[in-house]
Amino acid sequence: MKQTLPPLTPGTLYLVATPIGNLEDITQRAVRTLRECDVVAAEDTRHTGQLLKHLEISKPLLSCFQFNETKRSGEILDRLRRGETVALVTDAGSPGISDPGERVVNAALTAGFRVETVPGPCALIAALTASGLPTDEFHFIGFLPHQSGQRRKKLEALKTFEGTLVLYESPYRVEKLLTELSGVFADRTVVLARELTKKFEEFLRGTPAELLEVVKKRSLRGEFVVLIDNVVSSSNRQSFTC
């Protein structure tokens, strides 16, 4: 028997997770929210426009990215005051996780509006669960600072953390990161996860030095999720695996 679902709540900000690669990963609830909302606030309106076209949804789009998020928050609040429903999305994954969204959420909550999450794809969780590293405790770092001195300081501080470390990295800096990890986490197992949910999804496992040799010989594209074990690697462990 088909269930009758309640309509979206007026004056509510919906945080809608979108696919990180495979379009089949979008949830039914996410599709319904995008279809029924009044406006979609998007990190990149062109990118989200393509997703909505794929879903055969036509909605007004409002750009909301890193450099205009504070300004856009005011406009989103005005819409919520008028009783509109706003769906906030980023280019991929969950809003606010190393993507715009945090400031909009804080502004909405401070103003007394309801914020509702529509969970779904997230590169952090996808990589962690398939990494083979401990999942009972983990620490998400996001992106490291770009400056070398600050990056090294951050990595040194992370040595005292228990649990698996998880961070994001650009393909243009992954070789630099592995070099840095060789000096700080030389004996740890590191997992590189890239192109998650896509055709060329790949997991590489090994010490930083082993993975550095692999990266130097290949041209690896796509955003990386980098995971670092919290214990020293076994001397009997096999070298990198895919």
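**Entry 1: the largest pocket**

I looked up which elements supply the lining of the largest pocket, and found that α2 (45-54), β8 (188-194) and β10 (224-232) each give at least two residues. Helices (H or I, at least four residues) and strands (E, at least two) are DSSP runs, numbered from the N terminus. I noted that this is a predicted model, in which local features need pLDDT of at least 70, side-chain atom pairs count only at pLDDT 80 or more, and totals for chains, interfaces and linings use all residues. Residues are numbered from 1 along each chain as its sequence is written, and side-chain values use heavy atoms, with hydrogens and water left out.

The largest share of this lining, three residues, comes from α2. I recorded 28 lining residues, of which I20, D91, A92, G93 and E223 lie nearest the centre of the pocket. A pocket here is an open set of points on a 1 Å grid over the protein atoms alone, where a 1.4 Å probe fits, with protein on both sides within 12 Å along at least five of seven lines; lining residues have an atom within 4 Å of a point.

The largest pocket holds about 660 Å³ of space, a volume being the space filled by probe spheres set on the points. By class, I found 14 nonpolar, seven polar and seven charged residues in its lining. Ala, Val, Leu, Ile, Met, Phe, Trp, Tyr, Cys and Pro count as nonpolar, Asp, Glu, Lys and Arg as charged, and the others, Gly among them, as polar.

**Entry 2: the second largest pocket**

I read about 310 Å³ for the second largest pocket. Its lining includes E43, Q66, R103 and F143, and divides into two nonpolar, four polar and five charged residues.

**Entry 3: K176**

I located K176 in helix α7 (residues 174-184). K176 counts as partly exposed because its relative accessibility is 30%; buried means under 20% relative accessible area, exposed over 50%, and partly exposed in between (1.4 Å probe, protein chains only). Leaving out residues up to four places away in sequence, K176 touches H146, S148 and R151, where contact means heavy atoms within 4.5 Å.

**Entry 4: helix α5**

In α5 (residues 123-131) I listed A123, L124, A127, L128 and S131 as buried. Seen down the helix axis, these buried residues fall within an arc of 120°, so they line one face of α5; the arc is that of the directions from the axis to the C-beta atoms. G132 follows α5 and has a positive phi, near 90°.
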